Amino acid sequence: MEIINRRARILSLSRKIRRENKTIGFVPTMGALHQGHISLVKQARQSSDVVIVSIFVNPTQFNDKEDFQKYPRDLTSDVAILSEYQVDYVFAPDEKEIYGEKFSTYVYVEGLSDILEGASRPGHFRGVATIVTILFNLIRPDFAFFGQKDAQQVAVVKRLTKDLGFDTEIIVMPTVREPSGLAMSSRNSRLNDEQRQRAAVIYQALKQAEKAFEKGERNAHTLEKIVREKIQSEPLAAIDYVAIVDSESFQQISEIEDREALILVAVNFAGVRLIDNIVLNSRQ
Ligand code: AMP
């Protein structure tokens with residue numbers, strides 16, 4: 001496994017891989033790796049000849065400086081983990097390598113970027129879309145792997161991939177959870193054991209709504225209320241939003257009927273921002 005820091009090196013490498021007619025599977029991450037990331041890496045390993053994982057805590061997607069500074073970073077341990085999963089290359093550039101002096105070009109996906117997660121984190125999806133575009137241009141992956149946990153990010157990435165004409169298939173993997181049901185996240189490390197246990201209320205709330213849906217409830221307002229009330233029963237949780245949206249447009253819907261929909265939740269839990277979602281009428 002080779003660790004690469006330079007844009008020029010990853011660019012020439014990906015050109016060489018393509019010349020050899022090998023497929024590239026790419027997993028973008030911000031490090032602090034956990035089983036959620038690993039599920040993407042394993043899938044990439046299965047579906048592609050060459051696996052590239054990027055580790056880059058992308059400053060432009062953080063609207064909160066403190067959140068950026070506090071974000072867990074441990075490249076040595078991440079690299080050790082990736083070497084166990086037969087990753088071929090780790091691209092771990094520093095900030096200046098990506099955002100050089102006078103950097104001023106950003107990618108903005110209209111419509112999807114300023115609602116829900118984007119409304120709570122202004123500029124976040126512009127940062128995501130920009131870094132994904134830069135990385136896709138450098139690596140030109142055949143397949144890129146993203147987690148369902150960040151559902152709105154998936155919608156943004158799929159949109160920009162189509163709009164900008166990248167020849168990359170976006171593959172979405174299910175959310176990996178702790179035994180309690182809490183979605184794995186690098187941010188969970190900021191919770192103590194008891195808080196982590198109690199944060200499972202988010203998934204329990206989503207599962208309650210899913211049960212009601214399975215029993216025939218199709219009214220979004222009713223389902224949303226089930227989620228809200230369950231989460232509100234936990235004093236450590238402060239809801240940012242609960243929303244039921246069409247999975248592609250992310251527009252809120254009132255009756256679910258038979259389209260694919262998502263119940264999205266963002267909660268400030270003991271000072272840590274946690275997001276989660278479940279898919280209704282999954283077409284996958
Ligand atoms: P991050 O390092 O948080 O930027 O995440 C990198 C990738 O891993 C993104 O595509 C995330 O959606 C995905 N990911 C993060 N947590 C999970 C999880 N619990 N299950 C599945 N994928 C995840």
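## Helix H2

The model is a predicted one, in which local features need pLDDT of at least 70 and side-chain atom pairs count only at pLDDT 80 or more, while totals for chains, interfaces and linings use all residues. Residues are numbered from 1 along each chain as its sequence is written, and side-chain values use heavy atoms, with hydrogens and water left out.

Helices (H or I, at least four residues) and strands (E, at least two) are DSSP runs, numbered from the N terminus. The 13 residues of H2 should span 18 Å at 1.5 Å a residue, and its end C-alpha atoms are 18 Å apart, which agrees; the expected span is 1.5 Å times one less than the number of residues.

## The ligand and its shell

The ligand is surrounded by 17 residues, of which the closest are Met30, His37, Asp150, Val176 and Met184; a residue is near if one of its heavy atoms lies within 4 Å. By class, the shell has eight nonpolar residues (Ala, Val, Leu, Ile, Met, Phe, Trp, Tyr, Cys and Pro), two charged residues (Asp, Glu, Lys and Arg) and seven polar residues (the others, Gly among them). Strand E2 (24-29), helix H2 (35-47) and strand E5 (143-147) each supply at least two residues of this shell, and the largest share, three residues, comes from H2.

Oxygen atoms of the ligand lie 2.6 Å from a polar side-chain atom of aspartate 150, 2.9 Å from a polar side-chain atom of histidine 37 and 2.9 Å from a backbone N or O atom of methionine 30. Taken alone, the ligand exposes 490 Å², and the protein buries 93% of that, with areas from the Shrake-Rupley method and a 1.4 Å probe.

## Asparagine 219

Asparagine 219 is placed in the loop between helix H10 (201-214) and helix H11 (220-232), and it counts as partly exposed because its relative accessibility is 23%, partly exposed being the range between buried and exposed, the latter over 50%. Not counting residues up to four places away in sequence, asparagine 219 touches Ser254 and Glu255.

The side chain of asparagine 219 makes a polar contact with the side chain of glutamate 255 at 2.9 Å. Such a contact is a pair of N or O atoms within 3.5 Å, and within protein one must be able to donate a hydrogen and the other to accept it, with residues adjacent in sequence counting only if both atoms are side-chain atoms.

Technical notes
Buried < 20%, exposed > 50% of the residue type's maximum accessible area, 1.4 Å probe, protein only. Contact = heavy atoms within 4.5 Å.
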